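Please find below a short briefing on selected local features of a structure, arranged by topic.

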Amino acid sequence: MSVISIAAKRGLSLKIIRPWCNLLTNSASSTRVTCLWSSTKVPEAATWEPVPESQLPPPVQVPADLVDKLERLALVDFRTKQGLDCLEKAIRFADQLHVVDTSGVEPMDSVLEDRALNLRGDAVVEGDCAEELLQLSKNTVEEYFVAPPGNIPLPTREERTAMLKHSEF
Amino acid sequence: MNKQMSMLCPKASRVIRRISTSSLRCDSQPQPRAKSAPQQLVGVVGLEVHAQINSNTKLFSGSSVRFSAPPNSLVSFFDASLPGTLPVLNKRCVEAAVMTGLALNCTINRKSLFDRKHYFYADLPSGYQITQQRQPIAVDGTLTYSLLGGTKRSQVIRKTVNIKQIQLEQDSGKSLHDDLRSQTLIDLNRAGVGLMELVMEPDMSCGEEAAAAVRELQLILQALGTCQGNMSEGQMRVDANVSVHKPGEPLGIRAEVKNINSVRCLARAIDYEIQRQIEVLQRGQTVQNETRAYDSKSGETIPMRDKEGLQDYRFMPEPNLPPLIVYEDNASLPTGIDACQAVVVHKIREGLPELPGVKRDRLVQTYGILPEHSFTLVNEDGLVEYFEAVMKVTKKEPRKVIGWVTNELLGHLKEKDMSVSHSPSDSKLSSRIDERRNW
């Protein structure tokens, strides 16, 4: 293995390698530099193929009441037909996962699954910062935070459209 | 089935007002007068108990847990859900949950997972509650409780309730409603406190059974020291899921009853709800799947303001917490692990104190007292120790001492509104007993 390729593997940038290479080989030839490029692992053309439609389950149509429910629960706004199309495309993209065979494989639900959960001793180390926290709120009454009497229901779609008619978004 | 039913809740009419005994299953009279319906509707009760863990700090943060403190003074940045804060699990809370699980004969899951339960409310600043829905720390337990039955309420009937699971979860803050100014005042001192949620199977059929089960659970938790069990202070909250059906048929639609502040209210609320549902069905209507609040003044359950139809909590795994692993014994600990990072089930099992049921049996065995008297002794805080101290200094028979304790002493203390631990010491005691020579 040439010194230059070793250096490249160690992460030295080409800029540093080139003058060094001149020093070592007494030549500023570009052939040495080319062998760096040819040993790359990145293929020249794309090697993956899109999953054929036939392998995917039938496309999901998101019904209007489900959209309303999602908007209410997650407080997201799909706004226009375009937004809904984006949602359906995203679902379609995720449908590709159905092609993978997962029988007998435990699902991974956390990237921390092989880490130990840190347990804390039962000693008081925090708290007693009421003033600081209350300063964050615009509306406080005698060290209590103030909230409206109940959850404010999300306005209906028509009302929202009217409210946002002149919005720039 | 009928014979069993008649043993269940005798003298229920004493507990329930305004309820016709003919249609309520918990009946001391075994059988029927001719009725229009061939089979009676019976109540089915499942309880959900939230017990506040008795620890110095909260479940995921190092702020203090105390009953009354200036508003928002026991709140850390994590409890207020400020961005950039992360949960760190409290070892004491894990040990408390394992201890409770062992006391209730549960299987402790070696590996348990945390999830997020999303809903919007002002007292939940982060918009989600960290709980253990998929894989809780303990599953499949039993709670054994006893009812006093028979004609003189002297017969001890043992019953069991299956416990579906015990899970660790966070408490929410407290909201004080100011209807005058149409606003809610939020105090986050309680937000983040560790709770053990005990989910019971719907094995009970009336208020008396539920009350007895909850009372027994209270005694167990107090003996373990994992929860102080004071319902009026909110340390233990009970919600009842009540439905009615004909025995053998599928379960009916259930209603959830909340806002129950004492064990007596629990019995009354459940019995009212069972009767209400029976009347609804007899009128030909259907029971709604709803949440109702118990009003202790009127003794009725009232529908709570319907939030937004059926809630969808969008459960998702908690991304900031790896799985919780508890170890069976020291042999199974991985090498190099710090002792203060490991929860060892074997050690906790060995350290379990004497549970109320065991204590009662021991008192009956040692002193030859009647089972129902052992109930009275264990029920009152500190009374067992007092009784045993008295037995050391007196030569009287245990049954006579019991008679004095239950009638004279308790009556005297109730009059003066004192508890056993505040009553006079042993030396005065033996003289007092000698005064009672004539019995």
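The model is predicted.

- Within chain A, L154(A) sits in the loop that runs between strand 3 (144-147) and helix 7 (157-163).
- L154(A) has a relative accessibility of 34% and therefore counts as partly exposed, since that class lies between the limits of 20% and 50%.

**Helix pair in chain B**
- Helix 4 (residues 207-224) and helix 7 (residues 356-367) of chain B have axes that come within 9 Å and cross at roughly 95°.
- Because of this angle, helix 4 of chain B is roughly perpendicular to helix 7 of chain B, a class that spans 65 to 115 degrees.
- On the helix 4 side of chain B, the contact involves E216(B), L219(B), I220(B) and A223(B), which meet P356(B), G357(B) and R360(B) in helix 7 of chain B.

**Positive phi in chain A loops**
- D128(A), a residue other than glycine, has a positive phi near 60°.
- The loop holding D128(A) lies between strand 1 (119-120) and helix 6 (130-135) of chain A.
- With 69% relative accessibility, D128(A) counts as exposed.
- E142(A), likewise a residue other than glycine, has a positive phi near 50°.
- E142(A) belongs to the loop between strand 2 (140-141) and strand 3 of chain A.
- The relative accessible area of E142(A) is 70%, so E142(A) is exposed.

Notes. Residues numbered from 1 in each chain as written. Chains lettered and ligands numbered in written order. Predicted model: local features only at pLDDT ≥ 70, side-chain atom pairs only at ≥ 80, totals over all residues. Heavy atoms only, no water. Helix = DSSP H or I, 4+ residues; strand = E, 2+ residues; numbered from the N terminus. Buried < 20%, exposed > 50% of the residue type's maximum accessible area, 1.4 Å probe, protein only. Axes fitted to C-alpha atoms, helices over the stretch in contact; angles between N-to-C directions. Parallel < 35°, antiparallel > 145°, perpendicular 65-115°, else oblique. Contact = heavy atoms within 4.5 Å.
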